[in-house]
Amino acid sequence: MKAIISVWMQPVFARSNTAGLKILYALLAVIALLPAVLMQFSSHNKSDSLSFFLALAIGTGAAVGLLLIFWFVMLVPSVALQYTPANAGLVPQIKRQMLWALAIPVLLMPGIVALALGTHLKGLFFQSWLLGVFAMLVYIATLRSKWVFILLVLLSQLPMWWGGPISLNPQASWNQPVLLLLLGLGLTAAILHWVFSIRGDQHFKREESFTMMQKVMNGEEINSNQYSMSFINPYGFLLRLCMHKIRKTPAAVTQLMPYAFGAQVFWLTSFLSVAVMSVGLGIYFVFFLQHSSKFGEEDLGLAYAAAMVAFLMLPLIYVAMLRATMYQRRGEHSLLMLAAALPSQTEQTRITLHFLLRQFFSLWLVTLVIVAVTMHFSPASKKAAEMAWLACFCLLPLSVMTLHNYAAIKSRYETALLIAFVFPILLGLALLGLLKLWPALPVWLVCSLIVLATLPVLRWRWQRRMGVSAVFPAGRAV
Amino acid sequence: MNAPASPRQLGAEIFQVTTGSSEPIYRQLIEQLRRLQAGGQIAEGDAMPSVRDVASELGVNPMTVSKAYSMLEAEGLLVRRRGLGMAVAAQASGNSDIESRLELLRPSLERIALEASQLELDAKSVITLLTSILKGK
Amino acid sequence: MQAQLNAPVQIQGLSKSFSGQSVLKNLDWQIAPGSIVGLLGRNGAGKSTLIECLLGLRDIDGGTTSLYGENTAQLSADTKAKIAYVPQRSDLFEWLTARQMLAYFQQLYPRWNEAKVQSLMQAWDLPFDKVINKLSIGQKQRLSIIRALAHEPELLILDEPVSSLDPAGRRDFLRELIDSVIDKQTTIVFSTHILSDLERVAMDVAFLHEGHIVHQQSLDDMMDNTVRVSAGYTVLQQLQPQKILRRFAQGDGRLLAQFSAEQLQALQSRTDVRIDKLSLEDIFIEMTR
């Protein structure tokens, strides 16, 4: 049992060693409090303490659930990494213990979730348990083969193809609790056995690609041919174009500077990835629209909302990732500072900051346009459209974050993820409250106020940055 | 001591340097050339390899080699020929071979003398021991 | 050392501290043109920090640094064209191929010796069209060095440039330095732990210890004249060396000092002292204790 617990603690140790712990706690606290806060806003004339605590409980439950999911997501690859043939050969019991370490959460967690949602499921405990078990097993199965992802996507479409009512016939012969329980246990045993019967170093290779994926997300490695969709990566193309231009007019050489920061600082890169995915999803949705009668108006609205959220997240993620990226590129930046054809350090700082600001604004404007177009074509109400506009403009103050004092960054874990996430949400909530108090306030006025408030702050920060001789390479003042 | 008849071009491989010793490299080069000359492996008129070649072959700074050459020239072991680089100089007489070879032994003998005085041994006993060792060879 | 106008490197009173701890304290350093200086120091002594400060890549707390007479904060294009820097991290521009990276840098410098780049890439067996990320670390270091040599600098600053190369690779690198760079009176500053390389190539060594350049001297002179004297404390007191490199504490019967040739001979004949000549490694350990 001790060994199993130590296997469970692996992801916890791994995570507690990074500096992201504070962010995690803060995020969880926000999620836990959110339902209670929303409830207060929506019905503040009915402040029932019981329902308040209920909302709090739901929020906390959601936060804990999220934590557990996160933990499970990290547990599986860490188990796979430990299970290399070398380790298994050394300690034969390891395999069994690892299998148990996986089997217990797989069987228990869906059970707990099903219990918690007992009232909603109206006696469909075992079915939902089975579904949960199956979902987790599919995730584990992707350890062995990437193609299981495709199976996952296809399976998620099953409800659509079902056609009939979602509730299952309780009288059906196969719908017996005992049978379902046995099915769940059997599936667990079978799939775990299959995943761990892999030979050679394939688990290890899988972990390598997982780490690579994490690195891409952290901004450490780009252009690994497995995970970057390089055919839509405009960086290489832009670089070639720029070099060609420079050869013709050498005086424009300062335009080469941003390419030293890697592909991620170009808004086009992240935008194109999301755009392609959205287009793909859009086509898929349109295609299935005709086949499923269950796809009603609300689902369509939901689909639009999902697409928009994806685009709205872009400026946020860009700004958060920017800090870490500029810090990691400080070596490259050092070489640029010493390049003969490039101007002085102060001038280079100015050019770089200008570039970053431009990138953010381009991304933001594109997002704005997309949201506007989507709202125009969607069947959403005026209220929803206004909310969308508000959400967009709440992202505008994030531009201030691009003018951070890069010289003072101490480590690459100083991402601004928390601020980038929380600030727009808080601003949005505050403005929502404002609109609740004065419903007559037009949304466009609020948006313009945001713009008017952001501009002076931008200006002030710009002056601050240009006041010192150089802000780059990042971390220089430490 | 069979000296070859005609002068030849010496290659850079006549030198070898060791790092991590207490002797700087230029001194190692000087010592080696002295030994070669005393041992008769090089003769008068042999052309020395160029500074660049030696530096490149051994992986050392050419200025170090050049310094060694200059000091050897000052000692009289090498002579600079106009347009042709350095060459081994003529030696005064046959006896000087013995003299120069004895000189090479001097550092070792000085160490023995130091050790002997530290062990408080008198010169006579040390010389007796040395003679018996030499005779035994 | 008298201050020279437009010396390649001139540092006066440099101070730099990290989160309260002082790493460089009022450091003075000067490098004459054409010299080849090895910068030695323990791990964490601040060699990389010193190099970064001298190139203007770090904010300093006090003092002045100048390269070719110009303040490092405002270097002119001409001066920058004369300087090349090989940083300690060789994994820069990892997402580009070697060809792309070199083409990029070609645009950043007025002089570029493409022929040399080609010959070195071939001689060192480096692939042009492989992403730098996929190269071994030795290959990445060699590529860094090629990038630095390509624009024919007059001042070459190398921060542990060959730490990941195998002995053959280091020998090749030294040969390349010797063949193409030393001839042209290039000033070279390199920090390295690998003393054997330093012994072969350096003309001068500078020791960085406790935030100062405690000693700088021609390598040959230092190795010729430096001895460790072991004797009783009173005997040590009476000696008058030309330069004391490191005095030991009372009770410790050793002294690291330099004597003239006559003094050395006199000392060697004495029985109450023991004279040891030291290798560079021993001197390094004694100097940076």
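Predicted model: local features only at pLDDT ≥ 70, side-chain atom pairs only at ≥ 80, totals over all residues.

Student: What ipTM and pTM does the predictor give the complex?
Tutor: The ipTM is 0.90 and the pTM is 0.76.

Student: And what's the average pLDDT of chain C?
Tutor: Chain C averages 88. In that chain, 97% of the residues score at least 70.

Student: Which element of chain C has the lowest mean pLDDT, and which the highest?
Tutor: Strand E12 of chain C, residues 243-247, is lowest, with a mean of 76. Strand E6 of chain C, residues 83-86, is highest, at 95.

Student: Let's stay with E12. What sheet of chain C is E12 in?
Tutor: An open sheet of 4 strands. The order is E12-E13-E11-E14 in chain C, and the pairing is antiparallel.

Student: Why do E12 and E14 of chain C each have one side without a neighbour in the sheet?
Tutor: Both strands stand at the edges, and each has a single partner strand, so one side of each is left without a neighbour in the sheet. E14 of chain C covers 274-277.

Student: How much does the sheet twist?
Tutor: The twist averages 30 degrees from one strand to the next.

Student: How many bridges join E12 to E13 in chain C?
Tutor: There are 4 bridges. E13 of chain C is residues 254-258, and the two strands run antiparallel. Here's one pair to look up: C:Arg246 has C:Leu256 in E13(C) as its bridge partner.

Student: Which helix lies across E11, E12 and E13 of chain C?
Tutor: Helix H11 of chain C, residues 280-287. H11 runs at about 65 degrees to E12(C).

Student: New topic. What domains does the assignment give for chain C?
Tutor: Domain 1 is 9-210 and domain 2 is 220-287. Their centres, taken over C-alpha atoms, are separated by 34 Å.

Student: How many residues does each domain of chain C put into the contact?
Tutor: Domain 1 of chain C gives 7 residues and domain 2 of chain C gives 5 residues. On the domain 1 side, helix H7 (195-201) and strand E9 (204-209) of chain C each give two or more. By class, that side of domain 1 has 5 nonpolar, 1 polar and 1 charged residues.

Student: Now between chains. How many residues do chain C and chain B bring to their contact?
Tutor: Chain C brings 22 residues and chain B brings 17 residues. Helices H6 (167-181), H7 and H8 (219-225) of chain C each supply at least two of the chain C residues. The largest share, 5 residues, comes from H6(C).

Student: What classes of residue are on that side of chain C?
Tutor: The side of chain C that touches chain B has 9 nonpolar, 4 polar and 9 charged residues.

Student: And where chain A meets chain C, how many residues come from each?
Tutor: Chain A gives 27 residues and chain C gives 26 residues. Helix H12 (234-248) and helix H15 (330-337) of chain A each supply at least two residues on the chain A side. H15(A) gives the most, with 5 residues. The chain A side divides into 17 nonpolar, 7 polar and 3 charged.

Student: Last one. How many helices and strands does chain A have?
Tutor: Chain A has 19 helices and 0 strands. Of its 478 residues, 24% are buried.

How values were computed. Residues numbered from 1 in each chain as written. Chains lettered and ligands numbered in written order. pLDDT = per-residue confidence, 0-100. Contact = placed C-beta atoms within 7 Å. Nonpolar A, V, L, I, M, F, W, Y, C, P; charged D, E, K, R; others polar. Pairing = 2+ DSSP bridges. Axes fitted to C-alpha atoms, helices over the stretch in contact; angles between N-to-C directions. Buried ≥ 20, exposed ≤ 12 C-beta atoms within 10 Å, placed from the backbone. Domains from an automatic or database assignment.
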